[in-house]
Amino acid sequence: RNESTDIDAFIQKLKDYTVLDQTIIQSFSVTALQRAKFTEPSSFLAYVVNSTDTATIIDNAILASASMIINSFGSFTSVPDMASDFANAGLDSASYTPDYAYTFKDLTDVGVRKIMSDRSAF
């Protein structure tokens, strides 16, 4: 959820369990990320998208105070310079849910530095 009280409570729980410095707070919502940064300036934020509009993604990530952009596998592979454009803007990159291990190389070939998958077996 993206309500301020939910974000504030979530961040407080991370602090209570002393895992804030081990957590990446990610959201598709610029507003939610802004709230998280306001609530806890030391939080590590990731802006999640499914888009090939590199310039807008970078602008929104900076607006959200994100340190990382998480984009879909297809977006990265269809715009091969995307990860390097993110890096040039000072933003790390990660890709979500490629379906097969052989696609990991496709992502690293275009400069993606981190890969998240929801499959435990390939």
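A salt bridge here is a side-chain nitrogen of Lys or Arg within 4 Å of a carboxyl oxygen of Asp or Glu. The structure holds five of them. This is a predicted model, in which local features need pLDDT of at least 70, side-chain atom pairs count only at pLDDT 80 or more, and totals for chains, interfaces and linings use all residues. Residues are numbered from 1 along each chain as its sequence is written, and side-chain values use heavy atoms, with hydrogens and water left out.

| Pair | Closest N and O atoms |
|---|---|
| Arg 113 and Asp 92 | 3.1 Å |
| Asp 109 and Lys 105 | 3.0 Å |

Helices (H or I, at least four residues) and strands (E, at least two) are DSSP runs, numbered from the N terminus. Buried means under 20% relative accessible area, exposed over 50%, and partly exposed in between (1.4 Å probe, protein chains only).

Glu 40 sits in the loop between α2 (30–39) and β2 (44–48), and Lys 15 in helix α1 (residues 4–16), so the pair ties together parts 25 residues apart in sequence. Glu 40 is buried at 13% relative accessibility. Lys 15 is partly exposed at 33%.

Arg 113 pairs with Asp 92. Arg 113 lies in the loop between α6 (102–109) and β5 (114–116), and Asp 92 in strand β4 (residues 92–96), 21 residues apart. Arg 113 is exposed at 62%, whereas Asp 92 is buried at 17%.

Asp 109 and Lys 105 are four residues apart in helix α6, so about one helical turn separates them. Lys 105 is exposed at 52%.
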